[in-house]
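Subject: Structure handover

Hello,

I am passing on the structure we spoke about, with some notes on what was found in it. Please look through the sequence and the model before reading on.

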Amino acid sequence: MTLEKAYALAGVNEPLALHEAYCDLEQPLFIARTWDYDNPSQVHNQIKRELEEINLAELGEEERDWCREILWFWHHHAISCAAWKNDRSVACFHAEKALSYQEADHPNQITQLLFFIAHDRLEEAKSWAATITGDVEGPTAVDLITWYEQGLYFGPPK
């Protein structure tokens with residue numbers, strides 16, 4: 001199995017361009033909270049399905065790395081989508097999958113925080129959140145903990 005179908009869906013022909021196109025396709029949907037792992041017509045879901053059919057071990061390093069990045073990102077966003085749908089068990093599943101694709105040296109620290117939140121491990125979430133810095137991830141971590149403590153993390157979009 002090759003990446004040709006995923007490339008065709010994104011209108012590209014190389015791994016970095018696939019990642020960039022994937023982000024361009026799904027980011028607006030995620031921001032608008034219309035991103036939905038259950039919607040087969042959303043192109044980011046179609047790309048994800050194609051990537052899952054590939055044996056990543058058979059790819060070259062660059063292709064494998066970008067495919068893992070896309071799969072991590074898809075599952076990372078699926079955690080939040082599951083939370084919007086108030087489905088903790090699905091959030092837990094996607095948190096575990098996201099971490100399985102996330103490289104050890106990946107700069108994102110929110111996935112681990114979402115894992116703790118989805119698994120109802122508040123003290124670990126707070127400890128982890130305290131280590132998160134940066135202009136985006138730091139405030140995001142604080143917001144996620146606050147929403148969780150207020151009972152607002154799982155449930156419909158506000």
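His106 touches Glu69 and Trp72, with residues up to four places away in sequence left out of the count. Please keep in mind that this is a predicted model. His106 sits in the loop between helix H5 (88-101) and H6. Is His106 buried or exposed? Its relative accessibility is 17%, and because buried means under 20%, His106 counts as buried. A polar atom of the His106 side chain lies 3.0 Å from the backbone nitrogen of Asn108.

Next, the packing of H4 against H6. Helix H4 covers residues 61-84 and helix H6 covers residues 110-118; they pack at an angle of about 40°, and their axes are 10 Å apart. That angle makes H4 oblique to H6. The crossing of the two helices is left-handed. Which residues make the contact? On the H4 side they are Trp72, His76, Ile79 and Ser80, and on the H6 side Ile110, Thr111 and Leu114. Sorted by type, the residues of this contact are four nonpolar and three polar, with no charged ones. Trp72 of H4, listed in this contact, is also one of the residues that His106 touches.

The other helix pair is H2 and H3. Helix H2 (residues 15-31) packs with helix H3 (residues 43-52) at an angle of about 140°, with 9 Å between their axes. H2 is therefore oblique to H3. From H2, the contact involves Leu18, Tyr22, Leu25, Glu26 and Leu29; from H3, it involves Val43, His44, Ile47 and Leu51. These residues divide into seven nonpolar, one polar and one charged.

What does Glu26 contact, leaving aside its neighbours within four places in sequence? The contacts are Trp35, His44, Phe73 and His77. With His77 there is a polar contact between the two side chains, at 2.7 Å. Glu26 is also 16 residues from Gln42 in sequence, while their C-alpha atoms are 8.2 Å apart in space.

Regards

Notes. Residues are numbered from 1 along each chain as its sequence is written. This is a predicted model: local features need pLDDT of at least 70, side-chain atom pairs count only at pLDDT 80 or more; totals for chains, interfaces and linings use all residues. Side-chain values use heavy atoms; hydrogens and water are left out. Axes are lines fitted to C-alpha atoms, for helices over the stretch in contact, and angles run from 0 to 180 degrees between N-to-C directions. Helices (H or I, at least four residues) and strands (E, at least two) are DSSP runs, numbered from the N terminus. Angles under 35 degrees count as roughly parallel, over 145 as roughly antiparallel, 65 to 115 as roughly perpendicular and the rest as oblique. A crossing is left-handed if the near helix is turned anticlockwise from the far one by less than a right angle, and right-handed if clockwise. Contact means heavy atoms within 4.5 Å. Ala, Val, Leu, Ile, Met, Phe, Trp, Tyr, Cys and Pro count as nonpolar, Asp, Glu, Lys and Arg as charged, and the others, Gly among them, as polar. Buried means under 20% relative accessible area, exposed over 50%, partly exposed in between (1.4 Å probe, protein chains only). A polar contact is a pair of N or O atoms within 3.5 Å; within protein, one must be able to donate a hydrogen and the other to accept it, and residues adjacent in sequence count only if both atoms are side-chain atoms.
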